[in-house]
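Q: Could we go through this one together, starting with the surface and then moving on to the charged pairs?

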Amino acid sequence: MANPHAETTATVEHGGAVEHAEPAAFGLITAPMFIGLAMLVVIAIIIAKKVPAAIGKALDSKIDVIRNQLAEAESLRKDAEKLKAEYEAKTKSADTEAASIVDRARHEAEAIVAQAKDNAEALVERRQRMAEDKIAAEERAAVEQLRATAADAAREAAARIIRERVDAKADETLVADAIRSIGSR
C-alpha cells in the first residue's frame, strides 16, 4: 500500500521523552536549507537588478555632494579669513587714525591754550598801558588845573599888589616904559 502521506513523520519514544523528526519539503529540503536557498535567490535578484551599482551611484552622488559642500565650506572659510584679515587691518588703521586724531587734538588744544595765554597777556598789557595813559592824562590835567589855579591866584595877587602900590603917576611911567620897549624891538 502506498502511503498517501509521504510527509508524515514518525515519532519514536525513548525512555519516556518524545523526539520529533525534522520536517522536510519533498523529503530533502529542511528549514535551514530553505532559508539558505531563499537568501541565494534574493542575492541573485539584487545582483540581477543591479542594486549594488545603484547603491554605488547613490553613494557616489552623495560623496560628490559632500565633497562640493566641503569645497564650498573651505571657500567660505578662506573668504572669512580674508575678511577677518581685512577687518583687522581696518581696525588697526582705525586705531592708528584715532591715535593720530587724539594727538592732533592735543596739539591743537595746547596751541589754543598758548594762544589764549598770549592773548590774555597782551590784553593785560594793553589794559595796563591804557590805565597808565589814563593816569598820565589825569596827572597832566591835574597839573594844568593846578597851573591854571596858580596863574589865577598869581594874577589876582599881582592885581591886588598893583592896586595897592601903583597909582596914576606910576601907571603913566609903566605905560611909557612899555611903549619904549616895544619901539626898540
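Predicted model: local features only at pLDDT ≥ 70, side-chain atom pairs only at ≥ 80, totals over all residues.

Q: OK, which residues form the nonpolar patch on the surface?
A: The patch is formed by Val42, Ile46, Val51, Ile55, Leu59 and Ile63, which together have about 470 Å² of accessible area. Such areas come from the Shrake-Rupley method with a 1.4 Å probe, and for residues only the protein chains shown count as cover. A patch takes residues with over 30% relative accessible area and no salt bridge, joining like charges within 9 Å and nonpolar side chains (Val, Leu, Ile, Met, Phe, Trp, Tyr) within 5 Å.

Q: And which helix gives the most to it?
A: Helix H2 does, with four residues, although helix H1 (31–48) and helix H2 (51–165) each supply at least two. Helices here are DSSP runs (H or I, at least four residues), numbered from the N terminus.

Q: Is Ile55 buried, exposed or partly exposed?
A: Ile55, found in helix H2, is partly exposed at a relative accessible area of 47%; buried means under 20%, exposed over 50%, and partly exposed in between (1.4 Å probe, protein chains only).

Q: Switching topic, how many salt bridges are there in the whole structure?
A: A search of the whole structure finds seven, a salt bridge being a side-chain nitrogen of Lys or Arg within 4 Å of a carboxyl oxygen of Asp or Glu.

Q: What about Glu81 and Arg77, how far apart are N and O?
A: Their side chains meet in a salt bridge at 2.4 Å, N to O, and both residues lie in helix H2, four residues apart, about one turn of the helix. Glu81 is partly exposed at 41% relative accessibility, and Arg77 is partly exposed at 38%. Glu74, Arg77 and Glu81 are also linked in a network of salt bridges.

Q: Where do Glu86 and Lys90 lie?
A: Both lie in helix H2, four residues apart, about one turn of the helix, and their side chains form a salt bridge at 3.7 Å, N to O. Glu86 has a relative accessible area of 37% and Lys90 has 47%.

Methods:
Residues numbered from 1 in each chain as written. Heavy atoms only, no water.
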